[in-house]
Amino acid sequence: MIDTRSIDHLSLCSGIGGIDLGLRAVVNGCRTIAYVEREAFCINHLVAQMEEGRLDSAPIYTDIHRFPWGHYRGLVDILSGGVPCQPFSHNGSRHGVKDPRHLWPSVREGIDIIRPAIVFLENVGGFATAKSDGYFSVLHHVCSDLERLGYTATAGLFTAGELGASQMRKRWFILAMAHPHHSGGRQNQLLCQLRAEGTEQSPRDTGDSPAREEEEVTRWPSGPDAPQHSWEKPRVTEPRLGGTTDGVSARIHKLRTDRLRSLGNAVVPAVAALAFATLFEELVL
């Protein structure tokens, strides 16, 4: 008999919860037990999503370097992470592994302590071309580290464009599964549960059908020159408030800047769902 308890998930570098929503769409019983995120705007968004029931209520840690890895040892089935992309993005200076925002060493240490059954990571397209001494790329470096930690890893490039979005947003995803003797005996049980309950790619929904929570990961807003769908919020331009003597304009500007930066860094939930389902099938078949 298959134990159908929750599949417990640790969300690192959570952003606004794109990977979390993607996993909820394709992994039955997935339950996030902790988040790690340092950006204030993203933290506020995560809390709002928890209050609305779109994300699981769980503690949010703000410093990955001080995260209590040992407290979660043996408690995590899936560890995910949208590890910061700035060191590898073609839009930046591309300092790569020498960039202080390169967090993989801390994540790797945490994986070694926690020993999750499945690791699911995401980064930008430049992840596969950024250099790391002794490796073909940082992508190769990360996959090699996972293999040394006792995982079988695979990777793939996925885009929002292939799911009908008006922009590509190329992202690399890595899925790694622990060898049975490295995951405290939970690995085989988890695979049986995932196979029995299934992982399935989210259906596309580009029309004007009524909004349902489970469809939100695949609802694309219309393009710049196309009429808006009935479910989209009106696109309005905020009026200028004049001077900044009372600080209101400055606060609005910062809020908009934080929002745009968070959206630019965010993982599209439908792409995360597609990547997990595709790479999972690749590893288990």
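How do the residues of the lining of the largest cavity divide into nonpolar, polar and charged? Keep that in mind while we look at some rings.

Before you click: this is a predicted model, with local features needing pLDDT of at least 70, side-chain atom pairs counting only at pLDDT 80 or more, and totals for chains, interfaces and linings using all residues. Residues are numbered from 1 along each chain as its sequence is written, and side-chain values use heavy atoms, leaving out hydrogens and water.

**Stop one: rings.** The whole structure holds 8 aromatic pairs (Phe, Tyr or six-membered Trp rings with centres within 6.5 Å; planes under 30 degrees apart are stacked, over 60 edge-to-face, the rest tilted). Select Phe67 and Tyr72: they are stacked, 5.2 Å centre to centre with 20° between the planes. Both Phe67 and Tyr72 are buried (under 20% relative accessible area, 1.4 Å probe, protein chains only).

Next, pick Phe120 and Phe276, an edge-to-face pair at 5.2 Å and 90°. Phe120 sits in strand β5 (residues 118–124) and Phe276 in helix α7 (residues 269–284), so the pair ties together parts 156 residues apart in sequence. Helices (H or I, at least four residues) and strands (E, at least two) are DSSP runs, numbered from the N terminus.

Now show Val83, Leu121, Glu122, Phe127 and Val142, the closest to the centre of the largest cavity among its 11 lining residues. Back to the opening question: the lining divides into 8 nonpolar, 2 polar and 1 charged.

Conventions: Buried means under 20% relative accessible area, exposed over 50%, partly exposed in between (1.4 Å probe, protein chains only). On a 1 Å grid over the protein atoms alone, a cavity is a set of points where a 1.4 Å probe fits but cannot get out, and a pocket is an open set with protein on both sides within 12 Å along at least five of seven lines; lining residues have an atom within 4 Å of a point. Ala, Val, Leu, Ile, Met, Phe, Trp, Tyr, Cys and Pro count as nonpolar, Asp, Glu, Lys and Arg as charged, and the others, Gly among them, as polar.
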